[in-house]
Amino acid sequence: MNTQINTLARAVADSFPLSRFRSIEERLGILGFTLMFLFAMSQTLLAHDYKAGDLVIDHPWSRATPPGAKVAAGYMVIRNPGTQADRLVKIESEISGKVEVHEMSVDDKGVMTMRPLADGVEIPAGGEAKLEPGSYHLMFLELKQPPKEGVKFPGTLTFEKAGTVEVEFAVEAMGGGGHDHGNHGEAGGHEGHGG
Ligand SMILES: [Cu+2]
């Protein structure tokens, strides 16, 4: 087996002048490094996370809203590697007069409903809470400044145990999907919250 690999390696090496072989290796090295660097850069630009006590708040984000919308949604994943459950109990942001945590569900007739969770969202010990389109989400009510694509806005999250942490919400493009929360404001049933 080893002999075969050695023979193969020699055959490959012999087919290139040594100097050229080295330079290809170097070029591959530089290319590899560049790709890794670009990948790392893009990860930094796309993802952002925050810590509060044991909790890690991963990539808070929102969507740009259509003109005249009175509400916007917010999403993130909150991971809890700790041994105690915690709870997201309060959210504030300068873009909105009031922020609620909502649970979204679809009944057996396919009707989508939202309900505010008075006690916030639990983040189980050793688990996570996912706030994502179609599920739990933040609802920014009484919008003062609509979220604009590409412009982050600040928010303050308060957890029962981990305390308060300042985060920034990245704003993505307006969404088109039917189950999506981007057009929450027009979806009916929610408009009442805004006024
Ligand atoms: Cu909602």
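Predicted model: local features only at pLDDT ≥ 70, side-chain atom pairs only at ≥ 80, totals over all residues.
Which residue in β10 is the bridge partner of I91?

Residues are numbered from 1 along each chain as its sequence is written.

**Exercise 1. Find the partner of I91 in β10.**

Step 1: Look at strand β4 (residues 86–92), which pairs with β10 in the antiparallel sense over four bridges. To pair, two strands need at least two bridges found by DSSP.
Step 2: The partner of I91 is L157.

**Exercise 2. Sort the residues of strand β10 (residues 153–159) by face.**

Step 1: Remember that in a regular strand the side chains alternate between the two faces of the sheet.
Step 2: The covered face holds F153, G155, L157 and F159, while P154, T156 and T158 sit on the uncovered one.
Step 3: Now follow the chain onward: a hairpin of three residues joins β10 to β11, and the two pair in the antiparallel sense over seven bridges. There, P154 stands opposite E168.

**Exercise 3. Decide whether V56 is buried, exposed or partly exposed.**

Step 1: Find V56 in strand β2 (residues 55–63).
Step 2: Count other C-beta atoms (placed from the backbone) within 10 Å of its own: 20 or more is buried, 12 or fewer exposed, in between partly exposed.
Step 3: V56 has 15 such neighbours, so it counts as partly exposed.
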